[in-house]
Amino acid sequence: SMRRLRCRREGTATSGLIAVVSLLAHITSALAFASKPPGHTARFTCSARCAARAGEVTMILDRLNRWKQVDFVLASNSPRRKEILSNILGLKVRIVPSTFEENLDKSKFGPQDYVKENARQKSLEVWKRLSSAGDRPGMVVGGDTVVVYQGEILEKPLDHAHAFRMLRMLSGKDHKVYTGVTLIYGENDDVKEHCFVEETSVSFAALSDADIEAYIESGEPMDKAGGYGIQSLGGCFVTGIQGCYYNVMGFPLHSFCRELSHLASAGFKLQEGN
């Protein structure tokens with residue numbers, strides 16, 4: 001098992017520690033995929049229901065050059081989602097942040113339905129706005145990520161005190177990270193929606209108040225669900241994960257590739273950008 005790491009910002013030592021934590025997290029995630037493909041069931045609203053067969057890992061690498069010609073629109077200004085889509089996959093991505101207010105009543109949704117509906121509303125708003133302006137994209141990608149501890153949905157902290165409460169809550173415990181993704185695209189005059197949800201379990205080390213305060217002072221927690229980022233300083237708190245590392249970052253890379261592959265196999269026609 002991984003040794004527990006306590007995060008303390010001490011000059012250049014912190015940068016080296018972050019790099020080690022990030023590398024170990026990547027290796028752990030990759031090994032998990034290689035030995036046991038994710039077993040969650042995706043939920044779809046598209047007309048062609050594409051169910052992943054047990055034991056099958058389907059990717060898009062054999063079609064990647066064609067997917068790179070598709071006019072993708074990311075309905076978010078998240079730098080982490082853009083990094084995964086553009087820098088890792090090399091897709092051509094336009095950034096058009098959604099104006100959806102994200103004011104859903106959490107009491108009416110379970111965590112998975114909550115992130116799925118948020119992602120759906122973000123994607124729909126951008127699709128309708130662009131299409132009405134005569135700028136119909138090849139595919140709109142919307143996502144929403146939350147941290148869940150004992151049934152409580154934790155989004156981005158509102159202020160310093162809220163961030164402290166979240167991190168104190170997660171200290172020494174296990175929690176879940178859910179990301180909902182909605183893909184919207186056109187087929188002739190029809191608009192298709194394809195939705196799925198990814199779940200990852202994350203274990204936190206026991207944190208001192210000094211650790212939490214130092215982390216909040218870095219400014220990093222304020223734009224991240226649950227008040228931490230696994231890909232940077234917040235990774236110092238993570239003792240282990242079960243599931244997709246990139247899902248904790250905010251976008252489930254493996255599941256996204258798998259779902260694109262299923263769509264292509266089911267007859268989705270790639271609409272290339274200009």
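Let's start with strand β3, which gives the most to the lining of the largest pocket: four residues. Helices and strands here are DSSP runs, numbered from the N terminus (helices are H or I, at least four residues; strands are E, at least two).

A word on the model. It is predicted, so local features need pLDDT of at least 70 and side-chain atom pairs pLDDT 80 or more, while totals for chains, interfaces and linings use all residues. Residues are numbered from 1 along each chain as its sequence is written, and side-chain values use heavy atoms, with hydrogens and water left out.

Back to the pocket. Its volume is about 560 Å³. A pocket, on a 1 Å grid over the protein atoms alone, is an open set of points where a 1.4 Å probe fits, with protein on both sides within 12 Å along at least five of seven lines; lining residues have an atom within 4 Å of a point. The volume is the space filled by probe spheres set on the points, and grid points are joined across faces, edges and corners.

Which residues lie nearest the centre of the largest pocket? They are R80, R81, K122, K156 and D223, out of 28 lining residues. By class, the lining has eleven nonpolar, eight polar and nine charged residues. Asp, Glu, Lys and Arg count as charged; Ala, Val, Leu, Ile, Met, Phe, Trp, Tyr, Cys and Pro as nonpolar; the others, Gly among them, as polar.

Now salt bridges. Side chains of opposite charge can pair when their charged atoms come close. The cut-off: a side-chain nitrogen of Lys or Arg within 4 Å of a carboxyl oxygen of Asp or Glu. The structure holds 14 of these salt bridges.

Take K122 again. K122 pairs with D144, with the closest N and O atoms 3.3 Å apart. That joins helix α4 to strand β3, across 22 residues. Are these two buried or exposed? K122 is buried at 7% relative accessibility, and D144 is buried at 4%. Buried means under 20% relative accessible area, exposed over 50%, partly exposed in between (1.4 Å probe, protein chains only).

Next, E199 and K176, with closest N and O atoms 3.2 Å apart. E199 sits in strand β6 and K176 in strand β5, 23 residues apart. E199 is partly exposed at 31%; K176 is partly exposed at 29%.

K106 meets E155 at 2.8 Å, N to O. Both sit in loops, 49 residues apart.

Last one: D71, R94 and D135 are linked in a salt-bridge network.
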